[in-house]
Each structure stands twice: as structure tokens, then as C-alpha cells.
Amino acid sequence: AQRDAGQTEFLQAVADVMDSLWPFIQKHPRYAEHGLLDRIVEPERAILFRVSWVDDSGEVHVNRGYRVQHNSSIGPYKGGIRFHPSVNLSILKFLAFEQTFKNALTTLPMGGGKGGSDFNPKGRSPGEVMRFCQAFMTELHRHLGPDTDIPAGDIGVGAREVGFMAGMVKKLSNRADCVFTGKGLSFGGSLMRPEATGYGTVYFAEQMLRHADRSFDGLRVSISGSGNVAQYAAEKAMELGAKVMTMSDSSGTVIDESGFTTEKLAVMMEVKNHLYGRVSDYAERVSDARFEPGQRPWSVKADVALPCATQNELDEKEARRLVDNGVVCVAEGANMPCTADAVRVFEHAKVLYAPGKASNAGGVATSGLEMSQNAMRLSWTREEVDARLREIMCGIHTACLRHGQQEDGSVSYVDGANIAGFVKVADAMLAQGVT
Ligand code: NDP
């Protein structure tokens with residue numbers, strides 16, 4: 001901890017995993033041998049670089065770029081790129097650490113990594129975003145490769161930015177290797193990749209509900225965020241018969257007591273994906289929607305909560321509010337959206353709670369499927385990819401049940417996901433000696 005002093009999010013993520021692992025390791029002490037625990041928390045490599053670029057008025061800007069290559073014991077580093085002013089080494093180390101276990105849970109051969117920059121794409125022209133992406137890649141490209149490190153999108157990095165970055169890597173390397181996933185369909189992307197994280201989160205929650213003899217049909221669902229994950233979580237939840245009550249962004253929350261519909265969601269997608277607007281712009285267009293500035297969605301009465309925006313966006317007080325309002329299931333679409341105290345509230349109240357490394361693994365799993373399709377130089381149909389995604393999410397659910405059974409008969413998805421992911425990575429590291 002001394003070495004990582006001040007890296008709050010990273011220490012929070014490590015403490016969360018170690019809490020789950022400790023009883024397991026006491027029963028299986030071989031996992032504490034050969035310095036395994038010290039090695040598994042330390043990134044194999046963290047690259048930090050300058051990104052200089054020129055804005056539309058000719059002014060030069062300098063941002064900081066990062067790539068944390070956390071663990072490659074089961075495959076090449078894999079994890080998204082985030083562009084957000086809050087990005088720092090602690091946040092990317094936490095994300096890369098989590099990604100390592102999440103990727104292991106998918107059962108696909110992918111190691112863990114994460115990268116990004118403190119660049120803020122909001123308010124930047126398309127030309128500025130393109131120049132920034134290109135400048136970012138002039139450095140990062142030398143650390144990537146189809147068998148080394150394959151990034152993808154994350155907050156602030158959608159299809160447009162992936163296109164700009166993948167295009168620059170191709171130009172610099174003079175190769176058409178798969179060095180990015182989340183690509184557009186016209187240049188090697190996979191059908192269903194945009195939908196995968198949101199759909200996968202709902203598939204996972206569906207399994208949790210089914211295990212408790214329930215279904216989504218007729219349930220009230222609160223969703224935070226209005227980006228990629230939130231949009232498709234909303235779409236799939238509605239398809240399964242749920243009533244989606246909320247979406248949000250960093251400016252506030254929109255509440256729709258009558259529930260989102262396919263048509264309303266299309267308006268949200270237009271506002272967010274094409275106009276780069278705010279949820280308040282959505283509320284101005286849809287009369288059923290009420291905009292609450294500065295509010296998060298967690299005070300709305302809901303049966304299921306799907307936090308799909310960002311880390312630490314649901315705290316202990318909000319968790320208590322959700323529990324008091326009768327929430328039965330919380331599945332994380334975002335990475336670490338619930339604080340550690342909030343998770344304790346859910347687990348104590350026996351709410352079905354899934355950590356992101358299990359419930360949002362559908363995105364990276366489908367990225368793995370994109371890599372396979374690229375390597376085989378073919379494209380699977382939407383139905384084929386969706387079927388594989390569903391199967392992977394069901395497999396993760398089963399792994400969580402296997403490792404998360406508690407003495408009182410309940411399931412801790414936190415323990416289940418942490419232990420199942422850890423065992424896979426740890427076995428591979430032990431087999432490969434001290435490296
Ligand atoms: P997007 O950029 O598409 O959307 C992010 C959403 O979260 C936006 O609505 C954004 O609002 C909101 N948000 C971001 N930062 C904050 C903040 N500090 N406070 C409040 N709201 C915020 O990103 P994604 O949907 O791709 O990612 C969302 C989460 O899901 C992240 O945690 C990401 O790591 C995780 N994830 C994403 C995967 C993917 O495939 N995309 C895969 C697995 C996990 P605003 O527009 O105001 O910033």
C-alpha cells in the first residue's frame with residue numbers, strides 16, 4: 001500500500017478482491033506461495049506518455065496518455081481506452097486489475113489492461129477529436145499488437161474514436177492486424193459489440209433473478225448513465241418486459257414514471273450518440289420525462305438497479321434508500337459503480353448483487369469474439385454472436401454460484417466472481433513460474 005499511496009481507487013479494488021480471497025486462500029495455501037499475491041496485484045507494465053495536439057484555433061494542448069498492461073498470463077492484454085478529465089494512474093490501475101479477473105471469467109484467452117487520457121472530448125469538434133486520437137496513437141501503437149495488447153472503447157471512446165485510433169495504428173504499422181475491438185462493421189467490427197455490455201448485464205441479472213425464481217417481467221428498473229452500456233441495458237430490460245424508469249448523465253437524471261419505450265430510447269440515442277447532448281436535452285423533447293438536475297437515480301422506487309455510468313456513483317446512503325424501497329437485484333453495468341460500503345449494505349440485506357467484473361463482462365467477451373472472427377477472416381451473424389454472449393454470461397453465473405455459495409445457503413456473487421477469476425489467473429501464473 002505504501003508504494004501505491006494516494007491511489008484510492010486501485011487500493012479500493014485490491015482490498016475488495018482480497019477480502020473475498022482471504023478465506024479461500026487460507027483453505028488453499030498454495031495460492032499464497034511463490035509471491036503470487038504480490039505479483040498478481042502489481043501491473044506487469046504501466047506506460048505513461050505525452051500527447052501533444054493542436055486545436056482548431058491553432059493552440060497547442062498537452063494531455064497525458066496511459067496504458068496499464070496488468071497481466072498477460074492467460075492471453076494478450078485486453079481492455080478499453082477511457083477519455084475523461086478524471087483519468088489518472090489510480091483509476092486505470094484499478095480498471096486494469098479488475099479487467100484481468102473479468103477477462104478470466106469469460107473463459108476466453110485474454111489478459112487484462114486498461115488505458116486512456118485526461119483529454120475531455122466534450123465540446124471538442126470532430127476534427128479536434130480526430131487529431132487527439134491520432135496523436136494518442138502515434139505513441140501507443142508501438143506497445144500494441146494482435147498477440148500483445150488489443151484495446152477497445154470505454155467512457156468517452158465510442159465507435160468514432162475507435163475508428164480514428166484503429167485507422168492511425170494501421171497507417172503506422174502498415175498492417176491490418178486486429179489491434180482494436182469495437183471497430184465499425186465496415187472495417188472488421190463484430191455485430192452485437194455495441195449492444196454486448198448492456199445486453200450482457202441484463203442477461204446476467206436475468207440469471208440471478210431466475211435463480212431466485214423471479215423474472216424481469218413487470219419489474220421497475222432504474223438505470224444510471226445514458227451512454228453505450230446504459231442504452232443497451234435499457235433496450236434489453238424493456239425487451240424482457242421490465243419498466244425502465246430512469247437514465248442519467250453527469251448533469252442529472254431523467255425520470256419517466258410511465259417507463260421508457262423503444263421510441264423514447266431512440267430519442268435518447270439520437271441526443272447522446274449523434275448530437276453529443278445532455279439528458280436535459282432529451283427531457284426537452286419527451287414530455288413524459290422529468291429532469292432532476294444534479295440528482296442520481298437511486299431515490300426512485302425500483303425493483304432492479306443497473307448502475308451503468310462510472311465508478312463510485314452509488315454510495316452507502318443511496319444503497320440504503322434502494323433497500324428501503326424494496327430493491328431485489330443490483331447488477332453493475334459500469335466498473336465499480338457501488339462503493340464498498342454500498343456493497344456491504346446490499347449483501348447484508350441479501351439483495352442479489354453482482355459486481356461489474358461478472359455482470360458487465362459481456363462487452364469484453366464479445367470483443368474476444370471479434371478477435372476470433374478477425375483471425376478467421378469471417379463474420380458471424382447477429383444471432384450467432386448473441387447466442388455466444390448469452391452462453392458466456394450463463395457460464396459466468398454458474399462459476400459465481402460454484403465459488404460464491406455461503407454457509408447460510410445464499411450466494412455471494414462478489415466472492416464467486418473474485419474467486420473464480422482469481423483461480424484461473426493464479427493457476428496460469430503458477431504454471432509459468434516466477435516471471
Ligand atoms: P459512455 O461514455 O458511453 O457513457 C458513460 C455514461 O456515464 C454517460 O452517461 C456519462 O455522462 C456518465 N458518466 C461518466 N462519468 C460520469 C461521472 N463522473 N458522473 C456521472 N456520470 C458520469 O461509456 P460506457 O457506457 O462505455 O461506459 C460506462 C461504464 O461501463 C464505465 O464504467 C465503463 O468502464 C463500463 N464498461 C463499459 C464497457 C463497454 O463495452 N463500453 C464494458 C465494460 C464496462 P456524461 O455524458 O455526462 O459524462
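A residue is buried if 20 or more other C-beta atoms, placed from the backbone, lie within 10 Å of its own. This is a predicted model: local features need pLDDT of at least 70, side-chain atom pairs count only at pLDDT 80 or more, and totals for chains, interfaces and linings use all residues. Residue numbers run from 1 along each chain as its sequence is written.

Helix 14 itself spans residues 382-404. From first C-alpha to last, this 23-residue helix reaches 32 Å, close to the 33 Å expected at 1.5 Å a residue (1.5 Å times one less than the number of residues). Among its buried residues are V385, L389, H397 and H403.

Next comes K114, which sits in strand 4 (residues 112-117). An unreviewed UniProt entry annotates K114 as "active site"; such annotations may be inferred rather than shown by experiment. K114 counts as buried because it has 31 C-beta neighbours inside 10 Å.

The table gives contacts (C-beta atoms, placed from the backbone, within 7 Å), leaving aside neighbours within four places in sequence.

| Residue | In contact with |
|---|---|
| K114 | V68, G79, G80, L92, L95, A96, Q99 |
| A233 | G198, T201, V202, I223, L306, C308, G333 |

A233 also belongs to the largest nonpolar core, of 103 residues, where V221, A233 and V304 have the most contacts. Apart from that core lies another of 24 residues, including V51, A135, M165 and M371. A nonpolar core is a set of buried Ala, Val, Leu, Ile, Met, Phe, Trp, Tyr and Cys residues joined through C-beta atoms within 7 Å.

Key:
Helix = DSSP H or I, 4+ residues; strand = E, 2+ residues; numbered from the N terminus. Buried ≥ 20, exposed ≤ 12 C-beta atoms within 10 Å, placed from the backbone. Contact = placed C-beta atoms within 7 Å.
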